[in-house]
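Let's take a friendly walk through a few helices. Have the sequence and the 3D view ready as you read.

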Amino acid sequence: MKVVFIGAGSGFGARTVVDLMSFPELRDCELVLVDINPDHLRPVLEYAQKVAVAVGADSAKFRGELGWRDGVLEGADYVITAFSQGGPGYNGVPYYYEINVPREHGIEQRVADTVGIGGVFRVMRTAPELLAIAQDMEKRCPGAWLLNYVNPMSMLTRIICKACPSITMLGLCHNIQYGIRDLANWLKVPYKSLRYECAGINHMDWFLRLEYLDGRSAYGDLLKAIEDPVIYQKRPIQFELLKSFGYFTTESSGHLAEYLPYFLPRERDRLQFFKDARNPERVAPPTQPRWNPDAPLVKELHGEQPLNLKRSFEYGAHIIHAHETDTVYRMHINVMNEQLIDNFSRETCVEVESIVDRMGLHPLRYGSMPIELAALCSNMANMQTLGSDAFLEKDLHKAYLACVIDSCTAASATPATIKTCFNQLLELEKPYLKDYWGDVAPI
């Protein structure tokens, strides 16, 4: 079995190595770690080798590559992507522009990687690389699975599904498997004493059913739990929605606020719900903090603290294990809406419960969501559909329109102001767009 991990120096790289090596059946794999930054590639490769020795994976084969082209994908069974295109994911340019230019126009973002103006520009500069990977997979490893952690998740998943339909494309996030553990912690119960159903879109899945094993709803106890201000401050945006809509939704408060018109447009609300704004540096350090000398990963690598060999909750290695061994896993995956959620069109990328086994991925039909929750999701789903169509059609006007219909952006600025902001970012990001978009001009 050959696995190629593109962006191995990211936060998902070392974690995935541990996860793969935690399964004895996967320890004879060939793992190719790819990262364009040698100061990230070198330590993650050394870390992988140390983990293999620690678990006795004598037959595992590791090698590092500074790029995925030139045949690296030949014969791969799984390709995992967790890269940032154009610069560091959350620091330096162009991310610096995507936070600060909208802010100059009264458009506040907290993460800016999935929706809104930040999400649109991230997909414009990121999708060409992911599409090139998928197209190379069609030639060199046509039966391989593409397991993607790169944001903006929904738009990228839809782009690859549309442009490369022969590729098995799975969009992976961790908001639900970590979310249920948070809920159990606040309820002061083991998470396996809860059962749940989730459906929606990436970063806005709703716990449509949350109950104890005896069938009692856990929502009454959750509403009591959030009366504790310490718990409430963990996820204030989610808890405000819980109090109004009756359901808990996934992701951090910063992420979720960007999907909604309620919390970010007005300064008084920002001051109430957020302690500080995101302020990336214009020039990012050459090495990510996870590979600094005092970081936990580096201390593990140098023997200054024990290796953390505990398997994580991330889906990637579990999917591979299921497909290779016929173990059955239940997880939530981003896929196209093939009659899965009735409230959304088939053009929508949704995040739904799925079964994975040797036969492949089996998304489960949910049916209709409560209309009020579907309404919140639908606006973002439409924005993501329009943003991904803009890329597929090379249509900058559609990219602008995706920003205009975004809920939080629309609540913050007029269409004319949004256009001014969009054109300013177009000019600043020309170097990151020209290979795919050509010589961009103001719309």
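## The buried side of α17

In this predicted model, the buried residues of helix α17 are Ile418, Cys421, Phe422, Asn423, Leu425 and Leu426. What do these buried residues pack against? Their partners are α3 (95-104), α4 (116-140), α15 (396-405), α16 (407-410) and α18 (430-437).

Here is a handy idea for looking at such a list. An α-helix has 3.6 residues a turn, so residues three or four places apart point the same way.

## A residue in α4

Helix α4 holds Asp136. Is Asp136 buried or exposed? Its relative accessibility is 12%, so Asp136 counts as buried, the cut-off being under 20%.

Leaving aside neighbours within four places in sequence, Asp136 touches Trp68, Leu73 and Cys141.

## Where α5 meets α14

Now turn to helix α5 (residues 153-163) and helix α14 (residues 371-393), which pack with their axes 9 Å apart at an angle of about 50 degrees. That angle makes α5 oblique to α14. Their crossing is right-handed.

Which residues meet here? From α5 come Ser154, Met155, Arg158, Ile159, Lys162 and Ala163, while α14 brings Met383, Gln384, Thr385, Gly387, Ser388, Asp389, Phe391 and Leu392. Sorted by type, the residues of this contact are 6 nonpolar, 5 polar and 3 charged.

Conventions
Residues are numbered from 1 along each chain as its sequence is written. This is a predicted model: local features need pLDDT of at least 70, side-chain atom pairs count only at pLDDT 80 or more; totals for chains, interfaces and linings use all residues. Side-chain values use heavy atoms; hydrogens and water are left out. Axes are lines fitted to C-alpha atoms, for helices over the stretch in contact, and angles run from 0 to 180 degrees between N-to-C directions. Helices (H or I, at least four residues) and strands (E, at least two) are DSSP runs, numbered from the N terminus. Angles under 35 degrees count as roughly parallel, over 145 as roughly antiparallel, 65 to 115 as roughly perpendicular and the rest as oblique. A crossing is left-handed if the near helix is turned anticlockwise from the far one by less than a right angle, and right-handed if clockwise. Contact means heavy atoms within 4.5 Å. Ala, Val, Leu, Ile, Met, Phe, Trp, Tyr, Cys and Pro count as nonpolar, Asp, Glu, Lys and Arg as charged, and the others, Gly among them, as polar. Buried means under 20% relative accessible area, exposed over 50%, partly exposed in between (1.4 Å probe, protein chains only).
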